[in-house]
Amino acid sequence: NNRYMRQLFLDYGFDLGTSQSFIIALRIVDEKILQKIAWELYQNNIFTVAVVYPAVKLGHGLLRFIITASHTFSQIKETVKKLDFLYTKYDIPRDI
């Protein structure tokens, strides 16, 4: 499931960096937008962790996803599609 989600993110043009961790992190520079996205995902029954300063440097906010064997491909695809929509809505570059 983790490989499937990683590949979908790449297919949608998201930059995942070089990490191969089971935690998938997306960087969002603007912390206010990061919090809005985390809230909108939560309202759509998608749980993620928004990581902000002081846990990370200013301007290095992260959305973290932990995918398990119990997640379905449908749920994973829905999550990536929703993020694609939100990145477009908030005009966030995918290649940070």
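Modeller: The side chains of Glu40 and Lys89 form a salt bridge with an N to O distance of 3.1 Å, the term meaning a side-chain nitrogen of Lys or Arg within 4 Å of a carboxyl oxygen of Asp or Glu. Because Glu40 belongs to helix 2 (residues 31-43) and Lys89 to helix 3 (residues 73-89), this pair ties together parts that are 49 residues apart in sequence; helices here are DSSP runs of H or I with at least four residues, numbered from the N terminus. This is a predicted model, in which local features need pLDDT of at least 70 and side-chain atom pairs count only at pLDDT 80 or more, while totals for chains, interfaces and linings use all residues. Residues are numbered from 1 along each chain as its sequence is written, and side-chain values use heavy atoms, with hydrogens and water left out.

Glu40 is buried at a relative accessible area of 13%, whereas Lys89 is partly exposed at 45% (buried is under 20%, exposed over 50%, partly exposed in between, with a 1.4 Å probe and protein chains only).

The structure holds 2 salt bridges, and another pairing joins the side chains of Arg94 and Asp84 at 2.7 Å, N to O. Since Arg94 lies in the segment after helix 3 and Asp84 in helix 3, that pair ties together parts that are 10 residues apart in sequence. Asp84 is partly exposed, with a relative accessible area of 21%.

Notes
Helix = DSSP H or I, 4+ residues; strand = E, 2+ residues; numbered from the N terminus.
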